[in-house]
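Thanks, everyone. I will go through one structure today, starting with its sheet and then turning to its core. Please have a look at it first.

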Amino acid sequence: GFNDAALKTEAFAPVLSIVRVKAGNDTRRFLRQAVNIANEECEGSLSCSVSCPGAVAEGSSFNDVLADLKFGSVGVNCSTTFGYVATTAGGGWGAYPGLYSKDDCGSGNGYIGNIGNRLGYAKTVVKSPSVNSFADISQVPPALISEILCSCFLSSGTLQGAGRAFSVLVKALVKAFAGLFSSSNASRGGYKRIE
């Protein structure tokens, strides 16, 4: 398991915790692992947000992923605040049913809403299209961008992240210039003496 306070402490504010999930280019495998981490490692079950490219959210297996998330409200490409607002339209708000008891209420026991009094209510899912095409990462970003983002996200502070990002950029530039000079010299047969 994880020893990360951001995962093990239920926060009543926006928190971004980044966990690496190794699944290669297998989207289904990635989603399965991400769901398992969210359900088993994260404290609390009131709500979660899922941000994903439109192509993934429209896939047939994505609804199975949403069904497997054990949270009372799930926002897809939107804030879970909209899940709470959905109580006025018949949705519900509360902890995922069956995870807690009155003796150990955790995120809560029961829910509000469900004005239609539907039996077997489990969660409210609110979906929004991916509104930012720049953030739609259905294509793999260039390696340099990925390395810079990873160095920033995996740093413990802003200064450390900036330093690491700068270091990645400098190494890439040095490598690019070294390749430029070595390929131009090879095509000319090396340096020529000018008299």
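**Sheet and core**

In β2, Ser73 is the bridge partner of Ser47. One caution before going on: this is a predicted model.

That Ser47–Ser73 pair belongs to the pairing of β1 with β2, where the two strands run parallel and are joined by 4 bridges. On to the next pairing. β2 also pairs with β5, again in the parallel sense and over 4 bridges. Here Gly75 has Val126 in β5 standing opposite.

Put together, 3 strands make an open sheet, and the order is β1-β2-β5 with parallel pairing. Why is one side of β1 and of β5 left without a neighbour in the sheet? β1 and β5, the latter spanning 124–127, are at the edges and have a single partner strand each, so one side of each has no neighbour there. From one strand to the next, the twist averages 15°.

Now the faces. In a regular strand, side chains alternate between the two faces of the sheet. For β5, Thr124 and Val126 make up the covered face, while Val125 and Lys127 make up the uncovered one.

Next, the core. The largest nonpolar core contains 14 residues, and Phe62, Leu66, Leu69, Phe71, Val74 and Val76 are those with the most contacts inside it. At least two residues of this core come from each of α2 (27–41), β1 (47–50), α4 (62–68) and β2 (73–76).

Let me finish on Phe62. Which residues does Phe62 touch, leaving out those up to four places away in sequence? The residues are Leu31, Val50, Cys52, Val56, Ala57 and Val76.

Terms used:
Residues numbered from 1 in each chain as written. Predicted model: local features only at pLDDT ≥ 70, side-chain atom pairs only at ≥ 80, totals over all residues. Heavy atoms only, no water. Core = buried A, V, L, I, M, F, W, Y, C linked by side-chain atoms within 4.5 Å. Buried < 20%, exposed > 50% of the residue type's maximum accessible area, 1.4 Å probe, protein only. Contact = heavy atoms within 4.5 Å. Pairing = 2+ DSSP bridges. Axes fitted to C-alpha atoms, helices over the stretch in contact; angles between N-to-C directions.
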